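Let's explore a protein model together, one question at a time. Take a moment to look it over first.

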Amino acid sequence: VTNQWFLPAVRGDIPPGCAAHGFVCDGTRILVFGGMVEYGRYSNDLYELQASRWLWKKVKPQAPSTGSPPCPRLGHSFSLYGNKCYLFGGLANESEDSNNNVPRYLNDFYELELQHGSGVVGWSIPVTKGILPSPRESHTAIIYCRKDLGSPKMYIFGGMCGCRLNDLWELDIETMTWSRPETKGTVPLPRSLHTANVIGNKMYVFGGWVPQSAGGEISAHDGEWKCTGSFSYLNLDTTEWIGLISDCQEDKSNLLPGPRAGHCAVAVGTRLYIWSGRDGYRKAWNNQVCCKDLWYLDTEKPPAPSQVQLIRATTNSFQVKWDEVPTVEGYLLQLHADSPVPSVAGIPGTGVPETSVLSSQGGSSVHQSPQSLPSVPYPEMKVDHPSQTNAIPNNIANWEPDTSRNTIHPENVVENNVQVSVSPNSLLKVEGKEKVAAPENKITQETLKNHADATGFKESNAPSLLPVCTSNRQWYDVGIFKNNSAVVSQFYLLPEETLSIPNKMESADVPDYRLLKKQDLFPGTVYRFRVAAINGCGIGPFSKISEFKTCIPGFPGAPSTVKITKSVDCIHLSWEPPASPSGNILEYSAYLAIRSTQLQENPSQLVFMRIYCGLKTSCIVTAAQLSNAHVDYTSRPAIVFRISAKNERGYGPATQVRWLQ
């Protein structure tokens, strides 16, 4: 992610500029319907953009079998579910003369069936039961499907029909039945040109035009109206409204998005982004200001990252990585070193990770020499991104202006090549204001401190960044990292007073790492690692624990630069000698993870068969050997190889590669 705007070079049937159109995103294609082309002249054209090729195409759906296709309109809702778009309402011009604007509010309802990949089938007018919502434009419509009930429902909220509305309507898409659900809590003020987005089981409603209240009462039909920065959500499982920012709440510090209408909002994972819009009062255009700011709101703590994976081990350092978690500020990496050293194949002192244990099954086909392949999952041939795990819900939320590429990020590099990066101090002003970085080599106590509660977005203490005691084991911080990789050669020791009061660790701020002593890693020692992601709501849950061992001096390093090429009936495996052979390389061994009954009983324990032993830095893997391979589905399907080198002391760590299938 570059956090940088760019203007793609689009081609094809480029649509004219329009306002208040319908817009849905279906994978890598975007569909745009209707909108105002110029004052009084509205459109009912449908365009498709293939964003992977930046190619526009004007598409012509079939007309419905009964009735007419949708008339030209603006301010309608256009919602996608499965392979269908649902069009509701909007505003039409009754007059054929665009200069003579005669508004007609609509409440017609259409279904547009899409073709897979590209194109559309046609419009249809579903037969619905119940009372149709009243005509309106500039409303919102979202579609939500409860996991346990599985019946998708569309919710329409608010809009404009001569006056602003705050009614909520529900359409059961399976039975095509309209209803007015009863709600609890305080319903937001009537509004139009607001946004509504679903994250989890909540519909977040932000901004819009609301009536200007006079003497505590909402003014009448043609009364005054204003933009709002209010923010609420509707729990779609309980239909209860919860207010987060009220209409009257003042924000003199510019820590919240300002009042606006006609903005756009999009949910990415559990993060809500707000962009632009207009701010104004009454109907005077010269009083309206276009906003140019981009904000985001983290609605939940991030999910746990994947287990830490080892890229490279030396006698006193590890290079590690983990899968990226979308929309996070950074990662907290921790380790501890007081676990017992397990033994493999009867040889004491050989560390093996929990995730990848060598099995003795298969007799002589499995390599069992001293130092046998101690736990070195090496970089994959391609980076995989498994889906997110479940996030832990949290009511804490925190608006932050999104930073552009020109923003200074306070990134701190400490000794020992451990990069400690912290997020920019929350809620900085955006529009043309200069950001101030934290002082060099300092993690301030303000880091990650601007957390808000669900009632008013006020500051509160950040969740703990200090280690947590688990089963009398002490976890130590390696640091906070901006990216999903780290070189670890030291960790931070906590001051004695912190160690003596473990109960207070949960509520402590980020430690000032400058004040903490550092401990170097020892050779031939097993270390356990875990990592947690950080966003505006705090620190999410930790990953599962991984276990790696630093190398013992005198043994060779792991082979590098593994290449896999495929031919008709076999594959060719090649590698480079270790960067640190620590003597003469006597031989190499290559292994293939194979299917095994033991693997079915314990899927995390791969079973390897030796497929090559010799002095060459390459080997052929035959079709017969590959037919016995285990396909690892932990992320994307892959066949796993390991290669290790032997010198006078014995075998060093293995390079592990996943050959994606």
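Author: Before we start, here is a term we need: on a 1 Å grid over the protein atoms alone, a cavity is a set of points where a 1.4 Å probe fits but cannot get out, and lining residues have an atom within 4 Å of a point. Grid points are joined across faces, edges and corners, and a volume is the space filled by probe spheres set on the points. This is a predicted model, where local features need pLDDT of at least 70, side-chain atom pairs count only at pLDDT 80 or more, and totals for chains, interfaces and linings use all residues. Residues are numbered from 1 along each chain as its sequence is written, and side-chain values use heavy atoms, with hydrogens and water left out.

Reader: How much space lies in the largest cavity?

Author: The search of the whole structure turns up 3 cavities of 30 Å³ or more. Residues lining the largest cavity include P15, C18 and Y47. The space in this largest cavity is about 70 Å³.

Reader: Which elements give two or more residues to the lining of the largest cavity?

Author: Strands are DSSP runs of E with at least two residues, numbered from the N terminus. Among the lining residues are V32, G34, V37, S43 and D45. The elements that give two or more are β3 (29–38) and β4 (41–50).

Reader: Is F88 buried or exposed?

Author: Buried means under 20% relative accessible area, exposed over 50%, and partly exposed in between (1.4 Å probe, protein chains only). The relative accessibility of F88 is 0%, so F88 is buried.

Reader: What kind of aromatic pair do F88 and W178 form?

Author: Rings of Phe, Tyr and Trp (its six-membered ring) pair if their centres lie within 6.5 Å; planes under 30 degrees apart count as stacked, over 60 as edge-to-face and the rest as tilted. For F88 and W178, the centres are 5.8 Å apart and the planes are at 50 degrees, which makes the pair tilted.

Reader: How many residues apart in sequence are the parts that F88 and W178 tie together?

Author: F88 belongs to strand β7 (residues 84–93) and W178 to strand β13 (residues 177–179). The pair therefore ties together parts whose separation in sequence is 90 residues.

Reader: What is the mean pLDDT of the protein?

Author: pLDDT is the predictor's confidence in each residue, from 0 to 100. A value of 70 or more is reached by 73% of the residues. The mean pLDDT of the protein is 77.

Terms used
On a 1 Å grid over the protein atoms alone, a cavity is a set of points where a 1.4 Å probe fits but cannot get out, and a pocket is an open set with protein on both sides within 12 Å along at least five of seven lines; lining residues have an atom within 4 Å of a point. Helices (H or I, at least four residues) and strands (E, at least two) are DSSP runs, numbered from the N terminus.
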